[in-house]
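Please look over the sequence and the structure shown here. A guided description follows.

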Amino acid sequence: MKKIFLIVLFTTSLSCACLSQTDIDAIMMEKNAFCVGPMFGYSSWKNYWEGTLKRENLNLGTVSTKVFSVMGNYGINNKLNVLFGLPYVVTKASAGQLNGQEGVQDLSLWIKWKAYSKKVTSGRLSLFAIGGYGFPASDYTGDFLPMSIGLESKNLSLRGMADYQRGPWFGTVSGTYVIRSNIELDRDAYYTTEMHYSNEVDMPDAASFNIRAGYRDKGLIAEAVFDHWNTLGGFDITRNNMPFPSNEMDMSRIGFNFKYDMPFHPPLSLTGNVMTTIAGRNVGQATGFNAGIFYVIDFTKKKKTDSDDSKK
Amino acid sequence: MIQKNKQMKKLFIPIIFFAVLINSCSKDIVENNLEFPALQPASTDINAGIWKPILLTGPTEFPVAVPIAVTTPDYIAQINEIKTWQADLSKDEKAIVKYWSAGAVLRWNEIMRELVAKHNLPPYQNPDGTYPAPNANNPLAYPQFPFANPPYASRAYAYLAAAQYDALVAAWHYKKLYNRAAPYVTDPTVNALIPKSDLPSYPSEDAVVAGVASEMMKLLFPGDQDFIQQKIEEHKKARLISGANVRSDLDAGEALGKAVAQKFVTRARGDRAGTAGGSLAIQSQMEQDCIARGETPWISQEVPKRPGMLMLFGRVRTWLFDSLTMVTTIRPPAPPSTSSQKFKEELDEVHSYSTSITPETRAIAHYWADGISTQTPPGHWNQIAAEDFVAQNFSEVRWARNMALLNMAMMDAAIVCWDAKYFYFNPRPSQMDNRVKTVTGLPNFPSYPSGHSTFSGAAATILAHIIPSKATKYTDMATEASLSRMYASIHYRSDCEKGLESGNKIGEHAKTRARTDGAE
């Protein structure tokens, strides 16, 4: 179980800021436990927002993104986890002549710290701080949207998160600020709202907000998710132009996630989610799903002397 | 918005050191063109008044009045105007002095490239599947005028540069004739915020260039007059407050530039570009002619089908040779028949590029793509030339002459190439083999010959003549630009090779002019 990753593309890999045991939920791995597994995701869009104008493009048809990824989460201790995610992304347009692109996208790493946990009334309140860093793990280009597999910036994300659970019911809210590095194009001039004679593009930072709530108990998590991504700056796609990495890409998405531990062998679990875009700007109106299989390996030596109590 | 972002960032100061580590601190971008030094010509080219103009009958066709003497109260008042400005210059004013000091021809070439990039967007279709055409008389209505595609752009660059050249030849004639020195010479207490020069300052070469731009841009970019006029005012102000020109230098120069430009505007109105859009009936006839020759005709692969771009641009009036020369000696020979074995081999080659894209071939394809929302291939070659010219310390008149040679060659390249494209009406690889997918946008016009190759051959040939020490570099760049279209899977090898060849021939015509215009 674990999963993560966030990387919001023009259309592409809608991350799933959604599955469980990720950088954006309140689940922690216990000390010395390592959860790892493959995931597959698919999303597509036919309509997109050119600035605020919703349109289709008959020369692209439906643009789809497949994501094959590996994700993992290791418990340094019960309050500190490290996570990683590495996706391989494949894009394709159903119409027109443009070649799709594919390749290893960004390697993302997170440190997740459960800073505070206390009984409040009849439930438990936990506070988390999460720091993440992602960077391109291959020589892909962000300068060919919507077929690019990523935006190419290095991203430093800082997230604060609060979780409250009462019985099997819970709610989690988080806010994230993403500092994005400049990117370098394969050309030395480009036009945004003015001409630039440089191969470097200033990528605006971004902020996101995520809220999730539902059922969480031994063996089963089922939750509804709302996620909003807001680019802090950038510009709109002009009429009938192509998208550009430093566009002001905003989107609101809703989805549903589950995680199910196999009763016959609890270290093995299945995760899945569906997600759709309900509002956006300079992004595709994508709908998609993810599915994954995860396995928990416990590296703890079999001595029961563990004084860390680990109730989660 | 930017300020707001900055405030937000401050909230994260404890972690910023971390960000610095990975983000390499500053997000400030170094814009290459803002690093150019102030122009300090190696030679004033004081005798450029005898260089051969392009359209003018001679340098005195548009007379420039005798300047007032430097001892008159009027002139002294103009000197005092400069001194008043210089007594209290703001940061912004110093910045515009620095910006414009890099060179007038250079900056207006850049402004033109910016406008081309802004307007290089194909119109969106109507609900009934037809396409609207931009209207020069209503430039702000959608689709805005112009659609600055490569042929349009080549023409815009050429007219601007050619008119600036003729106007500067005339200006140089009068500079030498009247020999009125710059303000910082006539009154040593005027500061020179730009490099000093022995070149007489009346009429102002900067104002000549701005005056030409003012008139040519009304024709070429009629919807951007607010932006253009603001640049013109800024340019003139920069020259005044820098101590380079008094107001009468500027007024005389601007008037001369505008007058000369009118001659080029008249040529442009009659050069047949206005009807180059053609019609579906004309396109259909071209298609039928192609079928009658036993060949597979090009068809638009856009949805809905878009009429071929500027199908009659091949009939536009050329600069460097006549239409008979074009058809008999420059138009490339027929491409391989679409039913020939050679055609099949070339198609297979394109397909193999389509399926073996590497980061290197993709980067080359993207570097030279110069597609929508860019300055176009002719603009790219202007950028290449401008960056090299900066290091050559040309005088303004030589800058204009070299830019005119380059851009007349590239406009002629557009004409030659478009003539051949619609004459042969050859299909794109992706039309003949639907497995072929492209690495960049598929241009909406026939394949043979490659426009990029034709532009690049012409540009590299004349640039190699202008800066012989970089000849190999230009040839290599042209070859790479040409090959990039095969890497992008939008052209066959014959398109690229024959395009380069005809481009080279066009460049030779530009060299012929260069050898005889009096500047060498």
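**A walk through the model**

Asp370(B) sits in the loop that links helix H14 (359-369) and helix H15 (376-390) of chain B; helices (H or I, at least four residues) and strands (E, at least two) are DSSP runs, numbered from the N terminus. Although Asp370(B) is not a glycine, its phi is positive, about 45°. With a relative accessibility of 11%, Asp370(B) counts as buried, where buried means under 20% relative accessible area, exposed over 50% and partly exposed in between (1.4 Å probe, protein chains only).

This is a predicted model, in which local features need pLDDT of at least 70, side-chain atom pairs count only at pLDDT 80 or more, and totals for chains, interfaces and linings use all residues. Residues are numbered from 1 along each chain as its sequence is written, chains are lettered from A and ligands numbered from 1 in the order in which they are written, and side-chain values use heavy atoms, with hydrogens and water left out.

Chain B is divided into domain 1 (97-136 + 144-269) and domain 2 (294-516), with bounds from an automatic or database domain assignment. Taken over C-alpha atoms, the centres of the two domains are 28 Å apart. In contact (heavy atoms within 4.5 Å) are 38 residues of domain 1 of chain B and 41 residues of domain 2 of chain B.

The largest nonpolar core has 125 residues; such a core is a set of buried Ala, Val, Leu, Ile, Met, Phe, Trp, Tyr and Cys residues joined through side-chain atoms within 4.5 Å. Both domains of chain B give residues to this core, so it lies between them. Met216(B) is among the residues with the most contacts inside the core. Beyond four places in sequence, Met216(B) is in contact with residues including Tyr159(B), Leu160(B) and Phe264(B).

Ser502(B) belongs to helix H20 (residues 493-516) of chain B. Ser502(B) is buried, with a relative accessible area of 1%. Leaving out residues up to four places away in sequence, Ser502(B) touches Ile330(B), Pro332(B), Val416(B) and Thr454(B).

Two peptide bonds in chain B may be viewed next. One cis bond joins Phe145(B) and Pro146(B), with omega about -5°, and Pro146(B) is in the loop between helix H5 (104-119) and H6 of chain B. The bond from Tyr448(B) to Pro449(B) is cis, with omega near -5°; Pro449(B) lies in the loop between helix H17 (429-432) and helix H18 (451-466) of chain B.
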